[in-house]
Amino acid sequence: MSEANFQPRVFSGIQPSGNLTLGNYLGALRRFVDMQNDENPALYCIVDLHAITVWQEPDALAMATRELTAAYVACGIDPERSILFNQSQVPAHSQLAWIFNCVARIGWINRMTQFKDKAGKNRENASLGLYAYPALMAADILVYHATHVPVGEDQKQHVELTRDIAAKFNHDFGLDFFPMPEPVIEGAATRVMSLRDGTKKMSKSDPSDMSRINMTDDADAIAQKIRKARTDPEALPSELKGLDDRPEARNLVNIYAALAGTQPQDVLTEYGGQQFSTFKPALADLAVEHLSPIAGRMSELMADPAEIDRILAQGADRAAEIAEPIIDRTYEITGMILKRKS
Ligand code: AMP
Ligand code: TRP
């Protein structure tokens with residue numbers, strides 16, 4: 001039985017847990033800007049409840065939440081056109097997450113690679129929240145009946161689990177209540193790799209700062225990191241297949257293409273036969289040209305934390321307006337008795 005006619009709606013989230021990297025920018029933030037929509041505003045969330053699945057110093061967490069808000073705005077998210085807010089201000093996320101804890105099966109959660117990576121060897125000591133993380137993420141998306149989820153490649157498995165949860169809920173209660181959201185993984189840089197090891201993801205948690213470009217790095221730091229990025233001694237090839245087995249070279253070409261808004265083949269057409277000593281400075285210039293204005297805008301915004309808090313509060317009110325009827329209906333479907341609304 002169908003109860004809903006699902007409008008296309010975009011939702012995505014980023015954790016406020018430290019430095020944002022070029023991977024976050026190319027794999028997520030920049031693509032969020034292009035997916036803003038006037039008819040059905042996109043929701044962009046700072047997932048502070050997800051961040052505390054591993055220990056966060058409270059002051060640092062609040063600071064990271066404001067910084068990430070500034071980064072969204074500096075990249076071009078318009079807080080009037082889109083709904084920009086932090087997760088903890090909208091209780092419906094946590095409410096739906098509990099229901100989904102009771103829908104998701106332990107066997108499904110045991111297959112999640114992010115938990116295995118983050119818990120590492122010391123699994124017994126990981127928080128229960130880290131384990132249940134995917135059910136909260138499913139709630140983030142489905143509490144808005146969102147249909148499209150722009151993310152980097154590493155999040156695909158979580159969006160697939162969200163679909164499994166939606167399908168099981170719909171099946172168990174015999175309703176077509178939740179949509180099947182789709183991951184939107186597009187562009188030349190859905191997986192930006194470490195500058196020190198082309199087989200590892202660029203990550204804010206890598207112990208080596210030289211492995212990543214932070215969105216707040218200054219021009220000198222960016223140029224130095226790209227100059228020192230690991231490469232091989234060969235010149236760049238003219239064809240894509242020449243990048244097979246050259247993960248570091250491929251990564252730099254992909255980054256260039258994503259920044260320039262072209263395809264990797266276009267980059268090779270221009271730079272094929274050239275040495276890294278020519279290509280790296282060109283890439284550094286391009287990265288600085290994109291990131292420097294964003295870093296500048298971020299620090300301007302950070303100078304007025306009250307304005308940032310106002311943006312978040314306004315976003316949370318708009319988000320709650322969409323989420324509340326959906327959580328109420330979910331409670332009703334599952335048999336919870338609700339207080340009558342006056
Ligand atoms: P996180 O920083 O892990 O909360 O990730 C926030 C968003 O950035 C998610 O959509 C990720 O898929 C994306 N992301 C993080 N690191 C990378 C990377 N190295 N390459 C591409 N996308 C990334
Ligand atoms: N799990 C995502 C990450 O680590 C962050 C996230 C939480 C998210 N909830 C989401 C992404 C909902 C997309 C949609 O990057």
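Predicted model: local features only at pLDDT ≥ 70, side-chain atom pairs only at ≥ 80, totals over all residues.

Colleague: Ligand 2, then. Which residues come nearest?

Modeller: There are 14 residues around it, and Gln15, Tyr133, Met137, Asp140 and Gln155 come nearest.

Colleague: What does the side chain of Tyr133 face on the ligand?

Modeller: A nitrogen atom of ligand 2, 2.7 Å from an N or O atom in that side chain. Gln155 also has a polar side-chain atom 3.0 Å from a nitrogen atom of the ligand. With Gln15, the ligand atom is an oxygen, 3.2 Å from a side-chain N or O atom.

Colleague: How much of the ligand does the protein bury?

Modeller: The protein buries 91% of the 370 Å² that ligand 2 exposes when taken alone. The space the ligand takes is the largest pocket.

Colleague: Which element gives the most to the shell?

Modeller: H7, with 4 residues. Strand S1 (11–14) also supplies at least two. By class, the shell has 7 nonpolar, 6 polar and 1 charged residues.

Colleague: Switching topic. How many cavities of 30 Å³ or more are there?

Modeller: The structure holds 1.

Colleague: What lines it?

Modeller: Met112, Gln114, Phe115, Leu130, Tyr131, Tyr133, Pro134 and His158. Helix H6 (113–119) and helix H7 (128–142) each give two or more of the lining residues. The largest share, 4 residues, comes from H7.

Colleague: And by class, what is in that lining?

Modeller: 6 nonpolar, 2 polar and no charged residues.

Note on methods:
Residues numbered from 1 in each chain as written. Chains lettered and ligands numbered in written order. Heavy atoms only, no water. 1 Å grid on protein atoms, 1.4 Å probe; cavity = no way out; pocket = protein on both sides within 12 Å on 5 of 7 lines; lining within 4 Å. Points joined across faces, edges and corners; volume = space filled by probe spheres on them. Nonpolar A, V, L, I, M, F, W, Y, C, P; charged D, E, K, R; others polar. Near = heavy atom within 4 Å. Polar contact = N/O pair within 3.5 Å; in protein donor to acceptor, adjacent residues only side chain to side chain. Areas by Shrake-Rupley, 256 points an atom, 1.4 Å probe, with all protein chains shown as cover. Sits in = over half its atoms within 2 Å of the grid points.
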